[in-house]
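Please have a look at the sequence and the model before you start.

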Amino acid sequence: MALNENMSMSEIFATYDTAKQNLAKSVEEVKNSGKHIAAIFCTYTPREVIHAAGAYSVSVCATGDAAVTEGEKYLPKNLCPLIKASYGLARAGKCPFVRNSDLVIGETTCDGKKKMYELMGEFKDIHVMHLPHVKNEKILELWREEVAKLKSRLEEKFGTTVNDDELREAIKIFNKERELMDKFQSFSKLVPPPLNGKELHQILYGNGFIFDKEEQIKDLEIIIKRLEEMVKNGESAVHKSAKRIIITGYPSGGMFDKIVPPIEEAGGVVVAF
């Protein structure tokens, strides 16, 4: 995508819109370049290990009513919509991220997903990480073993070896991303915030589909710089009296259009997802 330092926020949003429209093309270009792609479903997946193995990670949770309908061709209608949408598009070959992935990495967050991975294994190479459901010292060791198993699987799959230095470097890169994302979202603490919920979500959602980590970090730094200038100049389209709303409990990509616009049209502002 590659932003430049002279862009205004409106130009940045337009660039994100264009990048979103070209996501399918972008992932195909990555695949055709010879790079490996690991499709992931959960934020618990250790993306640092994937990066250290020389592969790109991309989230593949599908959204939209049409995707749900596609899933109902294969799964019971009373199953979770997220699972129906994700499996349906993958099974029909309509999800470019799953279609172009070399490996799908799942995790045992719920019984529905466990079944989905079992069915998806009929047409994709799947690696399932067993996510602990309680918190104690023994469970932490079990999770370390799951991460080590993923590392071994990636090494075998991609014909590579991941050493400690490569892991440390990957951790530094992803920690830098987290630091910048935290700084970006902290602007929403201001009254009024420089961005409304729609704009906030546009950056949060789009950020997950930038494959080049160096480019991603540079883009975030440019966005933060622009927001600092907006705050300094007192620029904001949000009214100081706008009711401040936090949205939680669902993947933001799916429900965004149904929930956020009505809130902000009624005079509120979504300040966190």
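**Exercise 1.** Which residue just after helix 8 takes a positive phi?

*Solution.* Gly 159 does, at about 60 degrees. Helices here are DSSP runs of H or I with at least four residues, strands are E runs of at least two, and both are numbered from the N terminus. This is a predicted model, where local features need pLDDT of at least 70, side-chain atom pairs count only at pLDDT 80 or more, and totals for chains, interfaces and linings use all residues. Residues are numbered from 1 along each chain as its sequence is written, and side-chain values use heavy atoms, with hydrogens and water left out.

**Exercise 2.** Describe helix 8 from its start to its buried residues.

*Solution.* Begin at the start of the helix: a side-chain oxygen of Asn 136 reaches to within 3.1 Å of the backbone nitrogen of Lys 138. Next, take the length: residues 137-158 make 22 residues. Then list buried residues (under 20% relative accessible area, 1.4 Å probe, protein chains only); among them are Trp 143, Glu 146, Leu 150 and Leu 154.

**Exercise 3.** Where is Lys 124, and what does its side chain reach?

*Solution.* Start with the place: Lys 124 is in the loop between helix 7 (111-120) and strand 4 (126-129). Now follow the side chain, which reaches the backbone oxygen of Ser 101 at 2.8 Å. Finally, list contacts (heavy atoms within 4.5 Å): not counting residues up to four places away in sequence, Lys 124 touches Val 98, Arg 99, Ser 101 and Val 104.

Note on methods: Polar contact = N/O pair within 3.5 Å; in protein donor to acceptor, adjacent residues only side chain to side chain. Expected span 1.5 Å × (residues − 1). Buried < 20%, exposed > 50% of the residue type's maximum accessible area, 1.4 Å probe, protein only.
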